[in-house]
Amino acid sequence: MQVTRELFNDVMVPNYNPSEVIPVRGEGSRVWDQNGKEFIDFAGGIAVNCLGHCHPALVNALKEQGEKIWHLSNVMTNEPALRLAKKLTDATFADKVYFANSGAEANEAALKLARRWALDVHGEQKNQIIAFNKGFHGRTFFTVTVGGQAAYSDGFGPKPAAVDHCDYNDLAAFEALISDNTCAVMMEPLQGEGGIISPTSDFIKGVRALCDKHNALLIFDEVQTGVGRTGDLYAYQGLDVTPDILTTAKALGGGFPIGAMITTASIAEHLKVGTHGSTYGGNPLACAVAEAAFDTVNNEEVLAGVKEREQLLRDGFAAINEKYDVFSEVRGKGLLLGAVLNSKFEGRARDFLVASTKHGLMSLVAGTNVVRFTPSLVIPLEDIKEGLARFEKAVADVVNG
């Protein structure tokens, strides 16, 4: 069978509009399409491929586990899941782990746990969930309602109730919204889809303090920021603020689908037997690969290397901007960076993405005004330099029309 982009239109539901490019092979931070064209990968599968493509540690883990046991369901537990859970709890504030298949599922579990905790401990009146405008927490109906982008949740009928939003980094608006009836606050410790927005120290510490004051749980959605992306294993560790519940996915499996919700023992006990579950959650294949990814990322050399690579990218973007004057700023932390277009190029982020693809660079957008970059945490420095050279050609194309 000949596989072409046209086949997508014939057989796939039209909720995506993928590029004409169909990659077929990847190695490290380089990818080749059906025609043999090479790309430098500054996208990382949207912050998923934390170790690039076909990293030997992940390939070996998959092969080894693939010859042992694939799936059991949660009628029984398995060794890879327990090993990974122990490593997650040893490395974080958490005592307990729940495994799922994706970030949305991890966030769904976190929200359900928060509601159940509030009901059990405080009563049914404590049900409000607060989240932030431009936030993104997944595509299940509960998580897309909590996410702060109505365009994603409108048009599907009545939404889950008692969910309210305010602006990120607006502590006064948040303080006006929270009360003793708030059961949980869900936030990204650095907004991704919303435009790569970092929290101010006063804001994030103020949110923590107000949650404590009103006995509300603080949920950090670290689906995009977790597993080394910001230069810390988890972003909360660089913010001097500890959540009550944290969700992690994307980079957790290095490209193999897996998500997790982690929390304290006293909160976890409210998800009693039968209250929540997932057929594939804690799958041995997924957990074996995730364990290898976690072991590889969770060391000082890799995490320090993230900060070195961030600086190299920032210096490169500054040099490009000096020539072409297209960005107002570069936002973000670690290898979650967003180049914000200035007023002359406002709303044209996709033009830069398309031009980048033409010149052999895979990039992303975060809304219409931010070009987003989430490369491998171990991308070779030479690949960063080559990727920046290709991005400069893309910028020149857009500027010169």
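What is the volume of the second largest pocket? The legends below begin with that pocket.

The model is predicted: local features need pLDDT of at least 70, side-chain atom pairs count only at pLDDT 80 or more, and totals for chains, interfaces and linings use all residues. Residues are numbered from 1 along each chain as its sequence is written, and side-chain values use heavy atoms, with hydrogens and water left out.

**View 1. The second largest pocket and its lining.** This pocket has a volume of about 690 Å³. A pocket is an open set of points, on a 1 Å grid over the protein atoms alone, where a 1.4 Å probe fits, with protein on both sides within 12 Å along at least five of seven lines; lining residues have an atom within 4 Å of a point. The volume is the space filled by probe spheres set on the points, which are joined across faces, edges and corners. Of the 33 lining residues, Asn 74, Val 97, Tyr 98, Phe 99 and Gly 281 lie nearest the centre. At least two lining residues come from each of helix H4 (79-91), strand E4 (96-100) and strand E10 (259-263). Helices (H or I, at least four residues) and strands (E, at least two) are DSSP runs, numbered from the N terminus.

**View 2. Strand E7 between its parallel neighbours E5 and E8.** Six of the six residues of E7 (residues 182-187) are buried, that is, under 20% relative accessible area with a 1.4 Å probe and protein chains only. Strand E5 (residues 128-132) is joined to E7 by three bridges, with Gln 128 partnered by Thr 182 of E7. Two strands pair if DSSP finds at least two bridges between them. Four bridges link E7 to strand E8 (residues 217-221), where Ile 219 is the partner of Met 186. Together with helix H9 (residues 201-213), E7 and E8 make a right-handed β-α-β unit; right-handed means that, with the strands pointing away from the viewer, the path from the first strand over the helix to the second runs clockwise.

**View 3. Helix H5 and its N-terminal cap.** At the N-terminal end, a side-chain oxygen of Ser 102 lies 3.2 Å from the backbone nitrogen of Glu 105. The buried residues of H5 include Asn 107, Glu 108 and Trp 117. Just after the helix, Gly 123 takes a positive phi of about 110 degrees.

**View 4. Helix H11, largely enclosed by the rest of the structure.** Helix H11 (residues 284-297) reaches 20 Å from its first C-alpha to its last, close to the expected 20 Å. Because 13 of its 14 residues are buried, H11 is largely enclosed. At its start, a side-chain oxygen of Asn 283 comes within 2.9 Å of the backbone nitrogen of Leu 285.

**View 5. The open antiparallel sheet E11-E12-E15-E14.** Four strands make up this sheet. Strand E11 (327-333) and strand E14 (364-365) stand at the edges, each with a single partner strand, so one side of each is left without a neighbour in the sheet. Six bridges join E11 to strand E12 (residues 336-341), and Val 330 has Ala 339 of E12 as its bridge partner.

Technical notes. Buried means under 20% relative accessible area, exposed over 50%, partly exposed in between (1.4 Å probe, protein chains only). The expected span of a helix is 1.5 Å times one less than its number of residues. A polar contact is a pair of N or O atoms within 3.5 Å; within protein, one must be able to donate a hydrogen and the other to accept it, and residues adjacent in sequence count only if both atoms are side-chain atoms.
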